[in-house]
Amino acid sequence: MEAIETAYKQINEKRLEQNTDSNVIMPYSIIGSDERTKVGAEICTPYSRICFLEMTWADGHVERGTGWLYSRDRVATAGHCVYSQEHGWADSIRVQPGRYGDYAPFGETWSLQMLTSNNWINNADSAYDYAFLRLRDPIGDICGFFGYSANSGYVGAKVNIAGYPGDKNPWDSGEQWQWQMSGRLTIVTTKNLYYLIDTAVGQSGAPIYYPGNNIAIGIHTTGGTLSNHGSRLTAAMVECMQTW
């Protein structure tokens, strides 16, 4: 374990040398060869709990992302999926759990309310790039929802990320498939989890979870040159998730 931590520390030092602007949000990066695999059409736990998001802004701007159900009518995602420094608050978000291809096996619903951090809104601080959605319908009663844990994760722990990457799902195709990859946590800080798991645009908001028990411990948000990372669930975030 000490050797692993030393190697990952060296990776992190190189990453910090090359990525000095903490406000730059690039939610994608293929590190080396692309090792993501496609989730099959037989949607089961936990993939049924991972949602395709389509965000529309008042000015007509449309983007896509990923979210994950953490209760019957709540979704966690990235802050930049609900609030854009260029476009403001998203006007509406369509939510389709477990979508595969052009089919939404559990139906769809819409966001009623959105919540993100003031540090994200005012400062575009990537350490606070997370958000929560309150849904119109308790769709989690049908497809289930993730368990989650605060302040979890340690260097070397195996985690999984699954979501809807745009490079694998061209917008004009009309189809959206989940892609996934497992990897080890390389760096764990108070607010972030770092890993060498490949991601792409559209996977922002995907769950970072333990594949053994499907417990979510973070939200994927950002890509980098030598590693990708996401927001680690903190006690304050979990309290918000449980009381909002």
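A residue is called buried when its relative accessible area is under 20%, exposed when it is over 50%, and partly exposed in between (1.4 Å probe, protein chains only). Keep that in mind as we walk through this structure.

A word on the model comes first. This is a predicted model, in which local features need pLDDT of at least 70 and side-chain atom pairs count only at pLDDT 80 or more, while totals for chains, interfaces and linings use all residues. Residues are numbered from 1 along each chain as its sequence is written, and side-chain values use heavy atoms, with hydrogens and water left out.

Let us start with the whole chain. Its secondary structure comes to four helices and 15 strands; these are DSSP runs numbered from the N terminus, with at least four residues (H or I) for a helix and at least two (E) for a strand. Of the 244 residues, 55% count as buried. A contact means heavy atoms within 4.5 Å, and among contacts between residues at least 6 apart in sequence, 71% join residues at least 24 apart.

Now for the aromatic rings. Rings of Phe, Tyr and Trp (its six-membered ring) pair if their centres lie within 6.5 Å; planes under 30 degrees apart count as stacked, over 60 as edge-to-face and the rest as tilted. The structure holds 10 such aromatic pairs. One of them joins Trp68 and Phe146: the ring centres are 5.7 Å apart and the planes stand at 80 degrees, so this pair is edge-to-face. The pair links distant parts of the chain, 78 residues apart, with Trp68 in strand S3 (residues 62-71) and Phe146 in the loop between helix H3 (140-143) and S9. Trp68 counts as buried because its relative accessibility is 0%, and Phe146, at 1%, is buried too. Ring pairs also link Trp68 and Phe146 into a cluster with Tyr70, Tyr130, Phe132, Tyr148 and Tyr209.

Finally, look at Ser152, in the loop between strand S9 (147-148) and strand S10 (158-163). Ser152 counts as buried because its relative accessibility is 13%. Its side chain makes a polar contact with the side chain of Ser149 at 2.4 Å. A polar contact is a pair of N or O atoms within 3.5 Å; within protein, one must be able to donate a hydrogen and the other to accept it, and residues adjacent in sequence count only if both atoms are side-chain atoms. Not counting residues up to four places away in sequence, Ser152 touches Leu193, Tyr210, Ile217 and Arg232.
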